[in-house]
Amino acid sequence: MEQQAIWAIGIFLVIYALIISEKIHRTIIAMIGGLLMVVLGIVDQETAIHHIDFNTLGLLIGMMIIVSTTAETGMFKYIAVLAAKKAKGEPIRILILLSLITAACSAFLDNVTTVLLIVPVTFSITRQLRVDPVPFLLTQIIASNVGGTATLIGDPPNIMIGSAVPELTFMAFIANLAPVAILVMVVYVPFFIWMFRKKIQTTEELKQGVMAMSEKELISDPKLLRKCLIILGLTLLGFFTHQMLHLESATVALAGAFLLLLLTGEHKLEQALTKVEWMTIFFFVGLFVLVSGLVETGVIAQLAKRAIDLTGGDPIATSMLILWLSAIASAFIDNIPFVATMIPMIQEMGSMGVSDLEPLWWSLALGACLGGNGTLIGASANLIVAGMAGKEGHPIRFVQYLKVGFPLMLLSVVISSVYVYLRYLI
Amino acid sequence: MLNYGYDEAALRISESANENDVEFRIVLAADDPSIIAGLKRVRQEFDENRVYTDVLFYHYPDHEYKIIVRKDYYVDFVLELMKQRLLQSVEWTADR
């Protein structure tokens, strides 16, 4: 192996370990790792920039602007209170409805944004009903990861895969992943009821308190809401038709975001740009450059060759290996760097003679997204909810989550294995 | 203890202790937009900070609000009502 490849592997492993250890912020570490690849001459700056996927970044930035502006209108609070009333104030029904809303929102917004919107409303409703919010939060974490699996824009691994493989369009993601995501949610609902029904009981009087609430007053800015809804609708239409329009998904999201800012006026511009999670954006930039070091030195090609040797290039074995490896790995490490590494590996498998890569891409997406449910550190949304819950005096323990999340994650991966096998491999 | 006074023609306030919370019921006079705007600003103040369970607002018809205030935010809440001129006076009494 060449000296540069050894350096690239060394930097990658050290950076990866530091990201997992969470001693220093992952964005700083990823950026330093990416810069080391350039400074040490493993990749030149021009090549590094070519490896930064601006489609992923543009899509994230565009959606963050649209969602943060929409959140100001009170729309998400309105939906949650309406759901609580539809559930007649019954805690278990509210738990199910909020988890379904979380899954649906996560399919079209990113998971972290979804939980940031839904968790505060959950605290509010559970406080009024005087029930423990933790069962609600656990089911919302799980639902956000399942919902995010369904579309190209639902979860960062899907955004990255969709961006790296142009033929996997927004519609292709929905057609291939939404059915299995819906199936997993349908299977999960009875488990949620069984696990939590007895833990969240309340009185008739408190239920009536929820039923008497007036949700209309939660809409703080109806004019802005109308504008946001029009732009959200147009943006979603753009995603559905982006292939026909010959537009990348980032172009659609950014067009939606800046059209909205045009409608709201420039006084919203600064506020909207501050709401963009720049730490996440730079984390991606660092990772793309970090992985480029492995790609350019041939390390990824070697790994792909070994994977093919291991499975004999058999599509069933390779798909299952990717699905289960992605799920188990994503349960314990951040799925974003994992997917950033796996994408070039699968592309390399294509150039090594694996003719049909489609089942492999769907296996990677399913494993990486659903695997995030395995542990409390499996996905960013899990950590965000745990952080919010802890800060408000309702800590979610690692083992407490593991007991619920890990079996449900395994169940979803079994369902996905059967789905991938039946749909693509026979 | 904190005592407060308010214009009884413009609003009615009742409060009750409940475990770690204090629950307020506030009913505003419908014909006074400044009072309604004032309570909105109180809500905005607590919505915009980074604590999600400090002061929770629940809207009911006819300008009635239930507000659940965490005990450690009781003073902040009452002072915010004062700041927005929903209260006319606030004073400490000797038993604290």
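Predicted model: local features only at pLDDT ≥ 70, side-chain atom pairs only at ≥ 80, totals over all residues.
**Entry 1: chain A as a whole**

I began with the secondary structure of chain A, and counted 21 helices and zero strands. Its radius of gyration came out at 22 Å, close to the 22 Å that the globule rule gives for 426 residues, so chain A is as compact as a globular protein of that length. I then looked up the extent of the C-alpha trace, which spans about 70 × 50 × 45 Å along the principal axes of chain A.

How much of chain A is buried? I noted 53% of its 426 residues. For the contacts in chain A with a separation of 6 or more, I found that 81% join residues 24 or more positions apart.

**Entry 2: α17 and α19 of chain A**

Next I picked a helix pair, α17 (residues 315-332) and α19 (residues 358-371) of chain A. Their axes come within 7 Å and cross at roughly 20 degrees. Angles under 35 degrees count as roughly parallel, and α17(A) and α19(A) are therefore roughly parallel to each other. I wrote the crossing of α17(A) and α19(A) down as right-handed. What kinds of residues make this contact? I have 15 nonpolar, seven polar and no charged ones for α17(A) with α19(A).

**Entry 3: α15 and α18 of chain A**

I went on to a second pair, helix α15 (residues 278-296) and helix α18 (residues 335-351) of chain A. Here the axes come within 10 Å, and the crossing angle is roughly 35 degrees. α15(A) passes α18(A) in a right-handed crossing.

I listed the residues on each side for anyone who wants to click through them:

- From α15(A), the contact uses A:Leu287, A:Phe288, A:Val291 and A:Val295.
- From α18(A), the contact uses A:Ile336, A:Pro337, A:Ala340, A:Thr341 and A:Pro344.

By type, the residues of the contact of α15(A) with α18(A) are eight nonpolar, one polar and no charged.

**Entry 4: chain B as a whole**

I turned to chain B and found two helices and six strands. In which order do the elements of chain B run from the N terminus on? I read them as β-β-β-α-β-β-α-β. The radius of gyration of chain B is 13 Å, close to the 12 Å that the globule rule gives for 96 residues, so chain B is as compact as a globular protein of that length. Taken along the principal axes, its C-alpha atoms fill a box of roughly 35 × 30 × 20 Å.

Buried residues make up 26% of the 96 residues in chain B. Among the contacts in chain B with a separation of 6 or more, residues 24 or more positions apart account for 56%.

**Entry 5: B:Leu81**

Is B:Leu81 buried or exposed? I found 22 other C-beta atoms within 10 Å of B:Leu81; a residue is buried if 20 or more lie in that range, so B:Leu81 is buried.

Which residues does B:Leu81 touch, not counting those up to four places away in sequence? They are B:Val42, B:Leu86 and B:Leu87. B:Val42 is 39 residues apart from B:Leu81 along the chain, yet their C-alpha atoms are separated by 6.6 Å.

**Entry 6: where the chains meet**

I checked the contact between the chains, and it takes eight residues from chain B and twelve residues from chain A. Which element gives the largest share of the side of chain B that touches chain A? I found strand β4 (residues 55-60) of chain B, with four residues. That side of chain B divides into six nonpolar, two polar and no charged residues.

Most residues other than glycine have a negative phi. I therefore looked up two residues that depart from this.

The one in chain A is A:Lys88, with phi near 55 degrees. A:Lys88 is found in the loop between α5 (75-86) and α6 (91-108) of chain A. It is exposed, with 12 other C-beta atoms within 10 Å.

The one in chain B is B:His63, with a positive phi of about 55 degrees. I placed B:His63 in the loop between β4 and β5 (64-70) of chain B. With 19 C-beta neighbours inside 10 Å, B:His63 counts as partly exposed.

Note on methods. Residues numbered from 1 in each chain as written. Chains lettered and ligands numbered in written order. Axes fitted to C-alpha atoms, helices over the stretch in contact; angles between N-to-C directions. Parallel < 35°, antiparallel > 145°, perpendicular 65-115°, else oblique. Left-handed = near helix turned anticlockwise from the far one by under 90°. Nonpolar A, V, L, I, M, F, W, Y, C, P; charged D, E, K, R; others polar. Rg over C-alpha atoms; globule rule 2.2 N^0.38 Å. Contact = placed C-beta atoms within 7 Å.
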